[in-house]
Amino acid sequence: MTLEALRRRRPETLDALLATYGRELQAVAYLILRDRPAAEDVVIETLLTAFERAGQIRDERALRAWLLRIATNKALSVRRVESRVVRLEVVPDRAAPRDLAGDSTDRLALLDGVGSLPLQMRAAVVLRYYADLSVEDVAATLGKSPNTIKAQLQTALDRLRIHLAEPLTVSPVEIRHA
Amino acid sequence: MHDNQLEDRLRTALRAEGDGLSMTITAAELQRRLAGRQRQTRGRWMTAIAAAIAFVALGAVAAMSNGWLRLPAVGVSPSPSATASPAPTSSPAPSPSGVPATPEPTPRVAEPVGSAGEAVLVKPIGSDARRPDSFEVTRFDPATGRSVVIATVPGSVLPEDGWLETFDRPPQVSPTGWLAMGFTRGPNEDETTPAIAIIDLQAPDIAPWILDGYTSMSWDLTDKLVVEREDRVWVAWPTSRFLQTFAPVGTTARIASNGAGISSGPAVTVEDSTRFLAMRTTDDAWGYVGFDGAFTPTNDLPAVYQRMGRERPAGADAHGLGYTCDGGGAPAGGVCSLVETDAKQKPVATWLDLDKTGAYDFAWAVDGKSVWVLLEGGISGGSQVATLAYASDVDSRTERARIDFAEGMRPQILGFADEPTPGSATVVAIGDDEGFIHAFVLDGGDVIEQDGTAWFAGWAVDPAPYDPD
């Protein structure tokens, strides 16, 4: 797939976008939202938006960053204040069957800690430590200054340290705030 | 403090989780959704054309009947105490031809919006949380339960391309009733900028003043709004819609946040927005910066103006308060505590062992030597409990009230109405990390519950300035 083909809105480019960037976008959206159906919706909307607005991209190297930015903003815009009902949601299926009891306690504790961060802080953490963006790129994606992002990331790490000091209480049933 | 080990573990955990997800989105689903969007786009375009035609027609009628918007005064000189060169960067929209161009100053009543101990609450009304139909602004007296509507602000204060995000800061009210509301705007959700709408609650139907690209707001004692944009501090005068920027402080110091939690903005001193608390970048030494950008180090920090009653960035002698975890030998990262540090960032006291008692939030008491904490009280019967406590010293802590929250919420101390003596707060506002009020705690420990649907926007009367020294 080339940027030119994308700009011309050739039908096959949508499939190519999905194949090339779909997994990463899904992971980023899911790690931010902790909600599989919402994450899938974000990915679909991101790819469709990219397909419709590809004319804005001048450089193929910027395509990944652009897609991540769209996906992150869409994930952050999923509102969760309307419903204040607590619901219990089973942790979604993974690609391969996995014995959750055998999973690293440390990993589960970290993920639980990330899930408890405020939404935008969580997004900064995911973009930095999953998508491996530089602080400057994270700042550009979230529309903040690099200093703000540095402070947010430091605060996030501080909170995670505290969280790791607590015993893990989340079992395979994940307590969620809708 | 840099922690490579924690960062590596975090990367590993996130990658294992993210890369392990199965891909269920199909190309067919994408095509189906694309077709649906294209149908919707055609429909919206026709609606937009119809709306444009209607707007032009209405505009012509309004102009002929002289019922146009009142425009505020412009170009009024700032306070003589400001020394930076004026750099007006904002002006109201030009008047349409045929309408008198001389704007009329908005007469205002320069009085507090209510009485001491009353809270100003802003409740979004409507089914669309992103674009409410209106905002109901009330002053509420927790001691009596009396609620009075101050103003009903139309939802149209948000421009057509604007909406409220969960991460937009809760609105804040000024001493005499200007309301600053952060929001997000843009042609679409992929190209957004932050913005602030400043609304006159004494005349809520007048078009608000919109500050594009500005964030991080805090009011000063004379109804000026201090905001940030591109790492610079600006002072906004709502009555004249005039903006003035600080002289750049360069890399010498960074202006401190006022410690008001989720409503935080630049920490303004009581000296009429001419000084801000700041920390020197080289050694985190405390001090303040003036309008000329000069940094003056001192441990005897000037008094900080309060609107929310949480503007307490430092304790007495510039001591700090925060969470810290030592390396320890435990796999999970060691022992975590709420620790007090001195002006040189060295730990001097441990207020809370977080292994034994978790804390949602904390704040210096008025003396800057004792501490308020909002403790984690566990989960009971579908609710999670937050306990407000006052610790006069590291070995003495008294619980004042228990507040129930729905599970999954993150309780916060939103503000103190007044604290005449340390540990004796007239009213404490307790809410969540989005600024919604859930309870008021009176001095005797009575809890006045709220339903969590209105933002706490500040007190009707300023809390006393915070001056722990």
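B:Asn188 touches A:Arg53 and B:Trp163, where touching, or contact, means heavy atoms within 4.5 Å, and where residues up to four places away in sequence are not counted. This is a predicted model, in which local features need pLDDT of at least 70 and side-chain atom pairs count only at pLDDT 80 or more, while totals for chains, interfaces and linings use all residues. Residues are numbered from 1 along each chain as its sequence is written, chains are lettered from A and ligands numbered from 1 in the order in which they are written, and side-chain values use heavy atoms, with hydrogens and water left out.

B:Asn188 belongs to strand β6 (residues 178-188) of chain B; helices (H or I, at least four residues) and strands (E, at least two) are DSSP runs, numbered from the N terminus. With a relative accessible area of 11%, B:Asn188 is buried, a word that stands for under 20% relative accessible area, with exposed meaning over 50% and partly exposed lying in between (1.4 Å probe, protein chains only). In chain A, A:Glu52 is part of helix α3 (residues 36-52), and A:Glu52 counts as partly exposed because its relative accessible area is 22%. A:Glu52 and A:Leu6 are separated by 46 residues in sequence, yet their C-alpha atoms are 8.9 Å apart in space.

The two chains also meet through helices. Helix α2 (residues 11-33) of chain A and helix α1 (residues 4-19) of chain B have axes that come within 9 Å and cross at roughly 115°; axes are lines fitted to C-alpha atoms, for helices over the stretch in contact, and angles run from 0 to 180 degrees between N-to-C directions. The residues that make this contact are A:Arg23, A:Ala27, A:Tyr30 and A:Leu31 on α2(A), and B:Leu14, B:Glu17, B:Gly18 and B:Asp19 on α1(B). Sorted by class, the contact of α2(A) with α1(B) holds 4 nonpolar, 1 polar and 3 charged residues, where Ala, Val, Leu, Ile, Met, Phe, Trp, Tyr, Cys and Pro count as nonpolar, Asp, Glu, Lys and Arg as charged, and the others, Gly among them, as polar.

Chain B as a whole has 2 helices and 28 strands, and buried residues make up 51% of its 469 residues. Among its contacts between residues at least 6 apart in sequence, 51% join residues at least 24 apart.

One open sheet of chain B has 4 strands in the order β3-β2-β1-β28, with antiparallel pairing; two strands pair if DSSP finds at least two bridges between them. At its edges are β3 (146-154) and β28 (455-459), each pairing on one side only, and the twist averages 25° from one strand to the next. Strand β2 (residues 134-141) is joined to β3(B) by 8 bridges, and B:Phe135 has B:Val153 as its bridge partner in β3(B).

Another open sheet of chain B also has 4 strands, in the order β20-β21-β22-β23, and is antiparallel. Its edge strands, β20 (359-364) and β23 (396-406), each have a single partner strand, so one side of each is left without a neighbour in the sheet. Here the twist averages 20° from one strand to the next. Strand β22 (residues 383-393) pairs with β23(B) over 10 bridges in the antiparallel sense, and B:Ala401 in β23(B) is the bridge partner of B:Leu388.

Strand β14 (residues 275-280) of chain B is mostly covered, with 5 of its 6 residues buried. Strand β13 (residues 253-255) pairs with β14(B) over 3 antiparallel bridges, with B:Ala253 opposite B:Arg280. Strand β15 (residues 286-290) is joined to β14(B) by 5 bridges and runs antiparallel to it; the bridge partner of B:Leu277 in β15(B) is B:Tyr288. The hairpin of β14(B) and β15(B) has 5 residues between the strands, and in this hairpin B:Asp284 takes a positive phi near 60°.
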